[in-house]
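Please consult the sequence and the structure shown here alongside the notes.

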Amino acid sequence: MYSCRVSIALTQLMRRMVVHPDQPVVTVPVLLWEAPPSESSPDEDWAPTDAGFRSRPTATDPLVFMVEKVAGRANPFAMGVTVGRVETNDVIVDDGSVSRFHAWLQFDAKVHKWFLCDAESKNGTFIGAQRLKPKEKIELFDGARVKFGDAEMIFLTPDALVKEIKLRGGR
């Protein structure tokens, strides 16, 4: 399994799948963030941070966020996996349209489903074209297009991520 506490480039997961085909790529759902075609060129490359990760996707390499609580992070919100632009969130989205604490994802063990909830964000949280009402839980499905402000992502289960990697040429 790949353990990551920040975003990771999709190509890194593709390489891991080729090098270690007997190990799962991930064991939790992910959010896949692709750069909008109109805002990036194939040559564009965001510089990595001191921690060694890029904070924005490129046209040729999307970012992947693990949907899980991050141990040791100063995040008092225990109800779910938080999404926002500041470092106290579990999923940190480096985009000015994303609120400091924008939304959260929550797994309901009774029904074995994931839900998304807007945290009264300024620019809204969307599933497809549907804008979520603040604090309203909406069920997520595999392959759902979710949007935090202007940052559009795809919610994928571990199996769906493997299929996506294979579609993109990874093994």
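The notes below are grouped by topic.

The model is predicted. Six aromatic pairs are counted in it. One of them joins F77 and F101, whose rings are tilted at 55 degrees between the planes and lie 5.1 Å apart, centre to centre.

**The F77 and F101 pair**
- F77 is buried because its relative accessibility is 18%, below the 20% limit.
- F101 has a relative accessible area of 31% and is therefore partly exposed.
- F77 and F101 also belong to a cluster, linked by ring pairs, that includes W104.

**The F107 and W114 pair**
- F107 and W114 form a tilted aromatic pair, with 5.4 Å from centre to centre and 55 degrees between the planes.
- F107 counts as partly exposed, at 39% relative accessibility.
- W114 is buried, since its relative accessibility is 16%.

**Lysine positions**
- The charged end of K147 sits over the ring of F126, at 5.6 Å from the ring centre.
- K166 belongs to helix α2, which spans residues 158-167.
- With 44% relative accessibility, K166 is classed as partly exposed.
- The C-alpha atoms of K166 and M17 are 9.5 Å apart, although 149 residues separate these positions along the chain.

Definitions and conventions. Residues numbered from 1 in each chain as written. Predicted model: local features only at pLDDT ≥ 70, side-chain atom pairs only at ≥ 80, totals over all residues. Heavy atoms only, no water. Helix = DSSP H or I, 4+ residues; strand = E, 2+ residues; numbered from the N terminus. Buried < 20%, exposed > 50% of the residue type's maximum accessible area, 1.4 Å probe, protein only. Phe/Tyr/Trp six-rings, centres within 6.5 Å; stacked < 30°, edge-to-face > 60°. Lys NZ or Arg CZ within 6 Å of the ring centre and 35° of its normal.
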